[in-house]
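User: I'd like a close look at one part of this protein, please. Keep it friendly, as I'm new to this.

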Amino acid sequence: GILFGDVDDDVECAIEYEPANKALTLSTGNNAEAIRIDGSGHVTKSSQTSVHVQRSGVQSNIPINTNQTVEFDQELFDVNNDFNTGTYTFTAPVTGKYLVSTNVRMESVPTDFTYYYLYLVTSNGNRWGDLMGNGSQYFNSAPLYVTMGFTCIADMDANDTAYIRIYQ
């Protein structure tokens, strides 16, 4: 392998080839593997940001004429601890493009609403998602549930934040 150090001869990173696995790895400080390329050319980045969150229970009574943050308070996984379940907010660890996808299931939706918006709020602006307008045009009676969702790519700088909101 090739080792890179600093003036104190501390190893800062390494490039190593594993003949048995035919794998090439790049490790950063503290011998933490950053990238692995296996013998078939598959690339694995063990610290790649990936978050999957959900609600642990019901978030009731979405207020009218108010921007309501969707309270995703339970992590199924969070590779780098980039999501805060207390503030329902994702913080970008590095500058880049982030794929965001969300689905919200609403229960006991009344027929007399004017519209619902589901959208992403980021430090760089809002990304408007699903719009469901005029309940009487959608339903003859209050449905048991309705699902709203959207997917977008958000350009975020390091330490920018993002969260999902709904407006009725």
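Which residues are linked with Glu-18 in a network of salt bridges?

Analyst: Quick ground rules: this is a predicted model, where local features need pLDDT of at least 70, side-chain atom pairs count only at pLDDT 80 or more, and totals for chains, interfaces and linings use all residues. Residues are numbered from 1 along each chain as its sequence is written, and side-chain values use heavy atoms, with hydrogens and water left out.

Now your network: Glu-18 is linked with Glu-33 and Arg-36. A salt bridge here is a side-chain nitrogen of Lys or Arg within 4 Å of a carboxyl oxygen of Asp or Glu. Side chains of opposite charge can pair when their charged atoms come close. In the bridge between Glu-18 and Arg-36, the N to O distance is 3.2 Å. That pair ties together distant parts of the chain, with Glu-18 in strand β2 (residues 11-18) and Arg-36 in strand β4, 18 residues apart. Strands are DSSP runs (E, at least two residues), numbered from the N terminus.

How open are these two? Glu-18 is partly exposed, at 23% relative accessible area, and Arg-36 also counts as partly exposed at 23%. That label sits between buried (under 20%) and exposed (over 50%), using a 1.4 Å probe and protein chains only.

Strand β4 covers residues 32-37 and also holds Ala-34. Beyond its neighbours within four places in sequence, Ala-34 touches several residues, including Leu-26, Thr-28 and Lys-45; contact means heavy atoms within 4.5 Å. Lys-45 is eleven residues along from Ala-34, yet their C-alpha atoms are 5.8 Å apart.

Definitions and conventions:
Helix = DSSP H or I, 4+ residues; strand = E, 2+ residues; numbered from the N terminus.
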